[in-house]
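Hi there,

Here is the structure I promised to pass on. Have a look at it first, and my notes come after.

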Amino acid sequence: MVALKHIIDELGLKVYCCRDTLDRPIIGGYSGDLLSDVMAHSHAGEIWITIQTHPNIIAVASLKELGAILLANGRAPLPETLEKAEMERISVLGSPLPAFELAARLSRLF
Amino acid sequence: MSPRAVAERSAQLGLELIAVCDHNSAENAAAAIRAGRRYGVEVIPGMEITSREEAHLLGLFPSVDAALEVQEVIHGALPWENDPDKFGQQIVADDQDNVEAFNPRLLLGATTLSVEEVVGLIRRAEGLAIASHIDRGEYSIISQLGFLPPTLRLDALEVSYVLGLRRGREIYGKYGLPLVCSSDAHAPEEIGRGGLQIECAAAGFKELRLALAGESGRRIVAPE
């Protein structure tokens with residue numbers, strides 16, 4: 001397990017919201033942009049790498065109890081997505097790097 | 001698929017009302033309507049729009065003008081150019097199958113508009129907004145977004161001809177929206193593989209709207 005804060009520092013991630021939840025432990029990661037697939041195959045406590053920014057990503061993360069959402073390729077969350085994230089206490093992070101590179105760097109931390 | 005071939009095949013199958021929904025384009029709608037008239041088939045101008053989440057949404061419109069109004073916004077939101085060597089020419093045809101023009105934008109690409117923005121556009125043009133083939137594992141709003149966003153104001157959900165309306169009702173009835181089934185034909189021989197029976201006064205957009213809403217005695221009669 002790795003603290004979310006450690007991941008943010010190591011990968012130089014931007015924090016869009018929920019700074020008070022950054023001590024959360026992360027057990028691994030999942031990458032995917034089809035939310036139906038993420039609902040089926042992700043696990044609680046994982047950090048989820050995606051390029052989807054629709055508010056539904058917060059509902060999926062909340063439902064699956066994911067540790068955080070990491071937006072790849074410099075994508076920024078929509079305002080209504082951030083609003084939901086604040087309500088659900090889901091950390092939304094961002095990076096200009098593509099998902100492949102983020103997953104590679106993340107896996108070195110576990 | 002040329003406008004004339006679509007109309008001819010539809011007439012052979014005894015279809016009275018069809019909707020022509022090219023990907024992100026309504027440029028062939030007027031020709032399809034004219035061709036349909038010659039074969040006795042009523043044609044609703046439509047478009048299958050790709051949202052930024054890569055979900056497909058059908059817009060059916062009361063007139064060609066309404067469809068073209070929406071098309072203008074859609075074309076402005078398509079960032080890629082077509083490469084005819086890789087994807088083929090995107091033909092705009094007249095009702096006699098003559099090539100009139102080629103569309104230079106990559107129509108199979110995603111627009112930069114969210115599902116909410118697409119539905120808003122369709123509704124402002126007084127069209128019907130229908131989520132395409134929601135049972136499919138790709139390009140459906142459910143595959144892309146996990147579930148229907150609760151605030152999205154859709155007029156109906158489309159299930160694919162593979163699933164059919166009866167199974168569709170069992171699985172998606174919970175959303176409380178009218179269900180439709182269509183062929184999603186990309187080639188003339190695929191026309192009619194899915195469809196609806198509608199109890200209504202005449203074949204046309206207004207009657208379809210009433211049937212979807214279950215108003216004035218109009219209704220969708222499922223093919224059983």
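Below is what I found, starting with how to read the model.

This is a predicted model, in which local features need pLDDT of at least 70 and side-chain atom pairs count only at pLDDT 80 or more, while totals for chains, interfaces and linings use all residues. Residues are numbered from 1 along each chain as its sequence is written, and chains are lettered from A and ligands numbered from 1 in the order in which they are written.

First, the interface. Helices here are DSSP runs of H or I, at least four residues, and strands are runs of E, at least two, numbered from the N terminus.

Next, helix α7 (residues 165-172) of chain B. Its residues B:Leu165, B:Gly168 and B:Tyr172 are buried (20 or more other C-beta atoms within 10 Å; exposed means 12 or fewer). Seen down the axis of α7(B), the buried residues fall within an arc of 55° and so line one face of the helix (the arc is that of the directions from the helix axis to the C-beta atoms). B:Arg167 and B:Glu170 are exposed on the face turned away. The cover over the buried residues includes β7 (156-159) and β8 (179-181) of chain B.

Finally, B:Ile130 is in contact with residues including B:Leu58, B:Ala156 and B:Val180, leaving aside neighbours within four places in sequence.

Best wishes

Key
Two residues are in contact if their C-beta atoms, placed from the backbone, lie within 7 Å.
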